[in-house]
Amino acid sequence: IRDSFYLNTGNLTSKYFVVQESKIDSDTGMNWSNYFNVIVFSYLNGKLTKDKKLTSYFGSGGDIINPNGTNGITYYFPYNKKERILQTVSKPEFDAWMKGQDVKLKIKGKSYFFPEPLPINRAKSYLVEGDVVLRKKHESGWDYVVYKSTKGREYSGWMPCSLTGSC
């Protein structure tokens, strides 16, 4: 267990967060450094039950090492510690998600579309800093976004929340 804490503020009443960390050796093609799993529990009437909606939002994922052999991390899982989770739940984008609303987000830098919420198999299409997207879903640090170009063409796919500003 890397971290565990109780949260009872705003939209999150009586929630227990558990952040698990593990080292994995994987033959999935991903070069994992550390792997994290965030599980959220609701406390009601003296019982803990898994909060599936919040557990899916924070989810699981890992830090990924550069496959070229250098020691750099190419992707960081955004919810690997309490401070990052607290930062996220204080954002208006999180409140909107809790209410089931789509959210407009502004892209922070060059960001490619991905077919699934993993930093592999990126599409050729990308957005640049300042482009505005509509977020439809969020899962494990990834936003499913839709972008409509000035010519009316629609693009959609997953982008890391670090580039959409939602985490």
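1. Largest pocket. In this predicted model, the largest pocket holds about 290 Å³ of space. Its lining is made up of 19 residues, and those that lie nearest the centre of the pocket are T74, Y75, F114, P119 and P160. Rolling a probe the size of a water molecule over the atoms shows where empty space is left.

2. Elements that line the pocket. At least two lining residues come from each of strand 6 (73-75), strand 8 (111-112) and helix 4 (161-164). Helix 4 contributes the most to this lining, with 3 residues.

3. Residue F114. One of the residues nearest the centre of the largest pocket is F114, which is found in the loop between strand 8 and strand 9 (126-127). F114 counts as buried because its relative accessibility is 11%, and buried means under 20%. Leaving aside residues up to four places away in sequence, F114 touches P119, I120, N121, R122, W142, G157, W158 and P160. Two of these contacts, P119 and P160, are also listed with F114 among the residues nearest the pocket centre. F114 and P160 are 46 residues apart along the chain, and their C-alpha atoms are separated by 9.0 Å.

4. Helix 2. The buried residues of helix 2 (residues 82-89) are I85, T88 and V89. They lie on the same side of helix 2, because the arc they cover around the axis is only 95°. An α-helix has 3.6 residues a turn, so residues three or four places apart point the same way. The buried residues of helix 2 pack against strand 1 (3-9), strand 2 (12-22) and strand 3 (32-44), as well as helix 1 (52-58) and helix 3 (92-98).

5. Strands 1 and 2. Strand 1 and strand 2 run antiparallel and are joined by 6 bridges. D3 has V19 in strand 2 as its bridge partner. The two strands form a hairpin with 2 residues between them, and G10 in the turn has a positive phi of about 50°.

6. Strands 3, 5 and 6. Strand 3 pairs with strand 5 (residues 60-65) in the antiparallel sense, over 4 bridges; here F36 stands opposite G61 in strand 5. Strand 5 in turn pairs with strand 6, also in the antiparallel sense, over 2 bridges, and I65 stands opposite I73 in strand 6. Strand 6 is also one of the elements that supply at least two residues to the lining of the largest pocket.

7. S14 is buried because its relative accessible area is 18%, with the cut-off for buried set at under 20%. N45 likewise has a positive phi, near 55°, in a residue other than glycine. The place of N45 is in the loop between strand 3 and strand 4 (47-50). N45 is exposed because its relative accessible area is 72%, and exposed means over 50%.

Definitions and conventions:
Residues are numbered from 1 along each chain as its sequence is written. This is a predicted model: local features need pLDDT of at least 70, side-chain atom pairs count only at pLDDT 80 or more; totals for chains, interfaces and linings use all residues. Side-chain values use heavy atoms; hydrogens and water are left out. On a 1 Å grid over the protein atoms alone, a cavity is a set of points where a 1.4 Å probe fits but cannot get out, and a pocket is an open set with protein on both sides within 12 Å along at least five of seven lines; lining residues have an atom within 4 Å of a point. Grid points are joined across faces, edges and corners, and a volume is the space filled by probe spheres set on the points. Buried means under 20% relative accessible area, exposed over 50%, partly exposed in between (1.4 Å probe, protein chains only). The arc is that of the directions from the helix axis to the C-beta atoms. Contact means heavy atoms within 4.5 Å. Two strands pair if DSSP finds at least two bridges between them.
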